[in-house]
Amino acid sequence: MFDVETLMVLIPALPLVATLLTAALGKWLLKEQSHWPAVVAVGASCLLSFVLLFQVRAAVRQLDSSKSAAAASAAKPIGYEKIRTLWTWAVIHDVLPPDAGRPTDARSARDLDLGISLRTDPLTAMMLAVVTSISLLVVIYSIGYMHDDPGYWRFFTYVSLFVFSMTMLVSASNFALLYVFWEAVGLCSYLLIGFWLTRPPAAAAGMKAFLVNRIGDFGFALGLFLLWITYGTLNFHDTPAAAGILGQTLLSDPSRYVGGGVGVAIGLLLMLGACGKSAQFPLHVWLPDAMEGPTPVSALIHAATMVTAGVYMVTRCTPLFMAAPEAQQTVLTIGAITALLAGLIALTQTDLKRVLAYSTISQLGYMFIGLGVGTLPAIVAGMFHLFTHACFKALLFLGAGSVMHAMGGVVDMRRFGGLRHRLPVTHWTFLFGALALAAVAPFAGFWSKDAIVAALSARVSEAGPSSSAFYRIVFWSSLFTGGLTAYYTFRAFFLTFYGPEQIPDEAGHHAHESPRAMTRPLVILAIASLVVGWYFSRGDRFGKFLAHTPSLAYATVQATAQSAEHGGHGQVAFVSTLVALTGIGLAAYLYLGDSWEVVWLTRRLRWLYAISYGKFFLDGLYRVFLIWPLRAFAAGFYWVDRKLIDGLVDRVGRIPLAVGSTMRSLQNGLLPFYAMAMVFGLLVLLGILVR
Amino acid sequence: MTGVQGMFVTATLLGALGMWLMLPRRGFQKRRWGALLAVVSLGLFAAQVPPLGATLDRTVFDVLALVTLVSAVCTVTFRSPVYSAVWFGLTLLGTSGLFLFQGAQFLSMATITIYAGAILVTFLFVLMLSDPRGRAYYDRLSWEAMLSASAGAVMVGVLTMTLSKVFSPDAAGPPVPVKPGSAAAAASPGETPTAALPAPPSAQALEANVLSAQHVARLGGELFGRHLLAVEAAGALLFVALLGATAMMAQGKIERFQRSHHGDG
Amino acid sequence: MDELTLLYSYQVVGAMLLGIGIVGFLARRNMIVIFLSVEMMLQGVSVSLVSWGRFNNDWGGQVLTVFVITVAACEAAIALALVLGLFRRSGVLDVLYWQSLREANQEPYIEHELPEPPPEPLKSWPHLTPAGVEPRIEEDLHRSHV
């Protein structure tokens, strides 16, 4: 019953069933109890994903022991994976031109063969565990948060749909299926951001998220096309017809990966898709606006799971990026820029959720820095940061939701303060989350962010003289961003929970601690953000586990693993902790107690303040360079459609009228006129007959 | 052929111009000039027709034709409708003479009796009942004089041009169906219908048939023999016309009669 | 040859009568004169028919002409009844008076400048020698011409 093949299918299938049940029965039958299908399904999925994780870990251990036993055998599988194809979705024959030089040796006549193939490997198992557990906690939280909402059943339908899509996304074993569920999570994001669809800002935010995502998805689609043409197949795994892009055949001979211009193009296009989904510069503009949705949605989708889909995809495609170093460097650059940019913007935001949103963008930038460095420790560190970030960011968002719930929906930090007595549980759990985000030992964030920075410094020292300057810049910038992170996180913390107590009017009688359905997930996540960091980095057990993923287990990546053992690790840890504490101290100095220094600083640095508060005017730039030209373009076409095409049709329609009115003038009621017409007709007839 | 065609075109144009001048109009009415042009045009048309053989025949025919045509023009152009009616009577006389010249004696007498005697008199009665003086504005105006004159002139031109083509000695004009009993069939049996006009019948054949001494009897025999059904239908038509005219005239009168009598009791 | 020429001449005469009839029918506005022109066209046709009958040595031409006369009589009766009815309604014999069957967007045909009526001829009476009594003239009953 609990073998890997069955689990692979059950884990996504249960949320799908929950979606259908809630959609069908929610409105009329379940109503206030609409959460039950979702809770049961997601809970079961969570349990099953842990079972799967254990089974994969057992299989990996077995692989290790057998590997050491049969070291000389040639047919060693690279990493651990299990594939299961449910059915064939579509087969289109003879699509590609015959070309023998394709790296995947597409042997059987150039077909496009898409199947519903699911896979299990350490990366997938880890992602499934993270996704389902965070989803379960958010679902339980939502029972309390969305309690009085008229769209209760709709919320749980969408959330179940999202869980289904996300689990399928990480389990997909070909690019087409991945793309389908990539879009599906985008759809769920749109539906959930615009959940309160009668609010214009929410609807607009949902639209913005979807459209900006679309830009990324467009790049992703182009990347898929290029992949298809270059490799002749879209599968990750090997099939009898063709070797898979990330399958054993190609991984055992990495030189067959296409590099050069095509490889870089593929990498850049895939990165574009990841930018859209994971809110990297310049496609990050949708994430802050997405805070219009309910807070559980922000916690689940925009902190822990959907935005990590881009990181997952880039990790999965590591072989492709390793074959195109320029693309990897671009990933690094984008990650660094995004981290710094978001950090700078978050310094001055007054909306609590926006601060958290920008910090999410910034931390995602860190993950991409990790992926962009290109060594195995760095990549593993990126994924580890994804894992820990999911825990503490979800915690922070749920805590913010708790604060909002108590404050009657007010999110502006200037309007409330000093809440540590009224909301004690929220206060302490938020503190845990803030410490984790600021990367203070021994909280979770410290271990993962430190791993990234350490890998970065190792890369600095082993890079050549030309590129080491580049890596050095990124290193110092990421340290600086760490300081910024600590600063703005604790700025938000102090503004919310310290200072004179200040309750806005909308709070009314709500200004008390949240119900148990909401505080229990907070506590669980707080414990997690304390524990998971040091637990999983002991003996590098996370890294070793993840390194058995086929994409990370092949020779080229493994060769970079030596840089993990580096003496400078302790130095880097010391420096980053120092930076974090400096940030916290600065925030405490400015925001604990009276705030005249802040006012003075703001006035002195008002240009920088304006740039930061205005989000670097990126939204404005988008409006001017993209939206206005598009609107003008559309207006032009509207004019063409109305005036020219409609005008043409109208004119054509008026032709019978014109002809008719000309003909009408023949009917003037005068008898001699009619007689004249007859005579003329007779003359014409005579002329024809006679000539 | 272009020269002949040019003649026809000129004649048509002159005729149109002449008629236009002669039609009633608001301003000047150059009747004399119009008459001159019309005469010239008539002469041109007539010049295309070869003359008849014998001098007497030719003279008689010319006089009759001239009387007919001149009185026809006068019918159309005089302003007073009574004058027009009288000129029409003269036209009928001319036509009757033309019938007689062809040897259709019954028809010539019938024209006089029925046409001039009955129809024209009815016209005059109606004129008396309405407005006989010809002082109304609508008698002094014509509607689109130029177009009407041109229409008539073009009609004449087209017809006479066709006729000249058919009757010219060398050309093979439009096919004329050969009548089985005529001299033409006897003259050229078995010829294809696309031949030119058949030869005219001989004098003896004519004497025996159309120009026979018992003209009326033969005409009567033909009418009541071969065309009996048509004659009966024509009789019915006359009867219906009589009834119809009476009914139309009586319509208003019957209603008024009934109303006035009902008013009495 | 004579017969042919005869035929040709008669055809021309018939065509001319037809043409003149057409001119009168189109140009004149008095309904009576229009009908006279119609009769004239019928005469033209009769002339043509009779000559064809003689040329082909066939009674058909004359027979058809008899029918033409018959139909002309019927037509005259009905037409004159109609004209009288129209005259009773409107008081004019003008065919352009009756325009109401025109299309809605057409302008009516209106004479803007009526011709001035011809001057009444001077009432001149025969000069009698003064030895008689002047006849008594009643203006409303006297008609200067018919």
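What percentage of the 146 residues in chain C is buried? Buried residues make up 45% of chain C, where buried means that 20 or more other C-beta atoms, placed from the backbone, lie within 10 Å of the residue's own. The model shown is predicted: local features need pLDDT of at least 70, side-chain atom pairs count only at pLDDT 80 or more, and totals for chains, interfaces and linings use all residues. Residues are numbered from 1 along each chain as its sequence is written, and chains are lettered from A and ligands numbered from 1 in the order in which they are written.

**View 1. Chain C and its helices.** Chain C has three helices and zero strands; helices (H or I, at least four residues) and strands (E, at least two) are DSSP runs, numbered from the N terminus. Along the sequence the pattern is α-α-α. Of the contacts in chain C between residues at least 6 apart in sequence, 45% join residues at least 24 apart; two residues are in contact if their C-beta atoms, placed from the backbone, lie within 7 Å.

**View 2. The contact between chain B and chain C.** Here 86 residues of chain B are in contact with 72 residues of chain C. Elements giving two or more residues to the chain B side include helix 3 (55-77), helix 4 (81-102) and helix 10 (228-264) of chain B. Helix 6 of chain B gives the most, with twelve residues. The chain B side divides into 61 nonpolar, 18 polar and seven charged residues. Ala, Val, Leu, Ile, Met, Phe, Trp, Tyr, Cys and Pro count as nonpolar, Asp, Glu, Lys and Arg as charged, and the others, Gly among them, as polar.

**View 3. Helix 1 (residues 2-22) of chain B.** The 21 residues of this helix should span 30 Å at 1.5 Å a residue, and the end C-alpha atoms are 30 Å apart, which agrees. The expected span is 1.5 Å times one less than the number of residues. Buried residues of helix 1 of chain B include B:Ala11, B:Leu14 and B:Trp20. Their cover includes helix 2 (31-48), helix 3 and helix 6 of chain B, together with helix 1 (2-27) of chain C.

**View 4. The paired strands of chain A.** Chain A has 27 helices and two strands. Eight bridges join strand 1 to strand 2 (residues 112-120) of chain A, and the two run antiparallel; strands pair if DSSP finds at least two bridges between them. A:Arg84 has A:Leu118 in strand 2 as its bridge partner. One of the eleven residues of strand 1 (residues 82-92) of chain A is buried, so this strand lies largely in the open.

Notes
Buried ≥ 20, exposed ≤ 12 C-beta atoms within 10 Å, placed from the backbone.
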